[in-house]
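Subject: Structure handover and notes

Dear colleague,

Please find the structure below, with my notes after it. Read them with the model open.

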Amino acid sequence: MDIVLIIGRVLFALIFINSGIAHLTKLQAMVGYAQFKKVPAPKLSVIVTGLMLILGGLYVALGVYADLGALLLAIFLVLSAFKMHDFWTIQDAQAKQGETVNFFKNLSLAGAALIIFVMVGTGVEFGPSITDGLLNL
């Protein structure tokens, strides 16, 4: 079953690693969108969140302080759900539907990241890992 846990961790992490890379390689477009959403210090925010996504995803996938990685992802996901996918402010029905889906997707993924955070932090088997968790819960 170790292989299933590893595959699950990698599949979970891929969306974050990919998104983090996009934050850094498409910086100007991401900064423009962050400015549109009125994110404070948009360029710095995009760079910091890009690094959070890459590190969090890699930590979970590789089992290197996976609890810290999962916590980074959960923080990003909750904050971005409320700041970037504020469906309650949108009038256009199609745009509102898209933002609603993304809002709840982020919250769902944040829930999964928090489950990983607690599992690793309490010593629950998480498959072969390079390190133990960083935080002891």
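In helix 3, the buried residues are Pro42, Val46, Thr49, Gly50, Met52, Leu53, Ile54, Gly56, Gly57, Val60 and Ala61. The elements that cover these buried residues include helix 1 (2–25), helix 2 (27–36), helix 4 and helix 5. Please keep in mind throughout that this is a predicted model.

Just after helix 3 comes Gly63, with a positive phi of about 75°.

Helix 4 can be treated in the same way. With 19 residues at 1.5 Å a residue, helix 4 should span 27 Å, and its end C-alpha atoms are 26 Å apart, which agrees. Its buried residues are Ala66, Asp67, Gly69, Ala70, Leu73, Ala74, Phe76, Leu77, Ser80, Ala81 and Met84. They pack against helix 1, helix 2, helix 3 and helix 5.

Ala113 sits in helix 5 (residues 93–121). It has a relative accessible area of 0%, and the limit for buried is under 20%, so Ala113 counts as buried. Leaving aside residues up to four places away in sequence, Ala113 touches Phe12, Ala70, Leu73 and Ala74.

Next, the aromatic residues. The structure holds nine aromatic pairs. In one of them, the ring centres of Phe87 and Phe103 are 5.2 Å apart and the planes stand at 70°; an angle over 60 degrees counts as edge-to-face, so this pair is edge-to-face. Phe87 is in the loop between helix 4 (66–84) and helix 5, while Phe103 is in helix 5, 16 residues apart, and the pair thus links distant parts of the chain. Phe87 counts as buried at 18% relative accessibility, and Phe103 counts as buried at 5%.

Phe103 also pairs with Trp88: the centres of these rings are 5.5 Å apart and the planes are at 85°, so this pair is edge-to-face. Here too the pair links distant parts of the chain, with Trp88 in the loop between helix 4 and helix 5 and Phe103 in helix 5, 15 residues apart. Trp88 has a relative accessible area of 43%, which makes it partly exposed. Ring pairs join Phe82, Phe87, Trp88, Phe103 and Phe104 into a cluster.

Last, the surface. Met1, Ile3, Val4, Ile7, Val10, Leu11 and Leu14 make a nonpolar surface patch of about 710 Å². Val10, one of these residues, lies in helix 1. The relative accessible area of Val10 is 32%, so it is partly exposed; residues in a patch need over 30%.

Regards

Note on methods: Residues numbered from 1 in each chain as written. Predicted model: local features only at pLDDT ≥ 70, side-chain atom pairs only at ≥ 80, totals over all residues. Heavy atoms only, no water. Helix = DSSP H or I, 4+ residues; strand = E, 2+ residues; numbered from the N terminus. Buried < 20%, exposed > 50% of the residue type's maximum accessible area, 1.4 Å probe, protein only. Contact = heavy atoms within 4.5 Å. Phe/Tyr/Trp six-rings, centres within 6.5 Å; stacked < 30°, edge-to-face > 60°. Expected span 1.5 Å × (residues − 1). Patch = residues over 30% accessible without salt bridge, like charges linked within 9 Å, V, L, I, M, F, W, Y side chains within 5 Å. Areas by Shrake-Rupley, 256 points an atom, 1.4 Å probe, with all protein chains shown as cover. Salt bridge = Lys/Arg side-chain N within 4 Å of Asp/Glu carboxyl O.
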